[in-house]
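Here is a short briefing on one protein model. Look at the structure first, then read the points below.

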Amino acid sequence: DVTEIEEKEAQAKQEEQIMKEQELSNLLHEKRYLRALGLAISLDRPHTVLTVVKAILKEPEGRRHLEENIVRLRKDQKEAVLAFLVTWNTNSRNCHEAQAVMETLLKHEAPDSLLQFSGIKSAVESLLPYT
């Protein structure tokens, strides 16, 4: 009977998730945005990533801080943010943040590099009607 083992694994996963969410909350409170972005992306939480982006943009010189943080993300993290911003861009409340992130990606990534992103074609097709 493996029920007990599965229950313990599920409980451990749940505890780990709670710890990561608490860490994310602490990072936002401490204004450690790069780590917060990375953690929210790894948790696959588009709304949390949006919350971090909004928090960065509220700071003095927010655009510059946003650029600094987005540029320092790994390629896979940038791909995830690109997928998230496609959804954000369809909502008028979040389109400005989506456009700010998209501007940063377009400004700091070479076109050849952008073409290597997974899902870039569908992302561009989805962004065009709303941009």
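About 210 Å³ of space lies in the largest pocket of this predicted model. A pocket is an open set of points on a 1 Å grid over the protein atoms alone, where a 1.4 Å probe fits, with protein on both sides within 12 Å along at least five of seven lines. Its volume is the space filled by probe spheres set on the points.

**Pocket lining**
- Lining residues have an atom within 4 Å of a point.
- Among them are Leu 82, Met 102, Pro 111, Ile 120 and Thr 131.
- Helix 6 (95–108), helix 7 (111–115) and helix 8 (120–127) each give two or more residues to this lining.
- Helices are DSSP runs (H or I, at least four residues), numbered from the N terminus.
- The lining has 11 nonpolar residues, one polar and no charged.

**Helix packing**
- Helix 3 (residues 46–58) packs against helix 6 at about 80 degrees, and their axes are 10 Å apart.
- The two helices are therefore roughly perpendicular (65 to 115 degrees).
- Leu 50, Val 53, Lys 54 and Leu 57 of helix 3 make the contact with Glu 97, Ala 100 and Val 101 of helix 6.
- Contact means heavy atoms within 4.5 Å.

**Record**
- UniProt lists residues 21–131 as "domain: U3 small nucleolar RNA-associated protein 13 C-terminal" in an unreviewed entry.
- Over residues 21–131, the chain is 76% helix and 0% strand (E, at least two residues).

**Basis**
- Residues are numbered from 1 along each chain as its sequence is written.
- Local features need pLDDT of at least 70, side-chain atom pairs count only at pLDDT 80 or more, totals for chains, interfaces and linings use all residues, and side-chain values use heavy atoms, without hydrogens and water.

Conventions:
Nonpolar A, V, L, I, M, F, W, Y, C, P; charged D, E, K, R; others polar. UniProt positions renumbered as here; feature names shortened; annotations may be inferred. Axes fitted to C-alpha atoms, helices over the stretch in contact; angles between N-to-C directions. Parallel < 35°, antiparallel > 145°, perpendicular 65-115°, else oblique.
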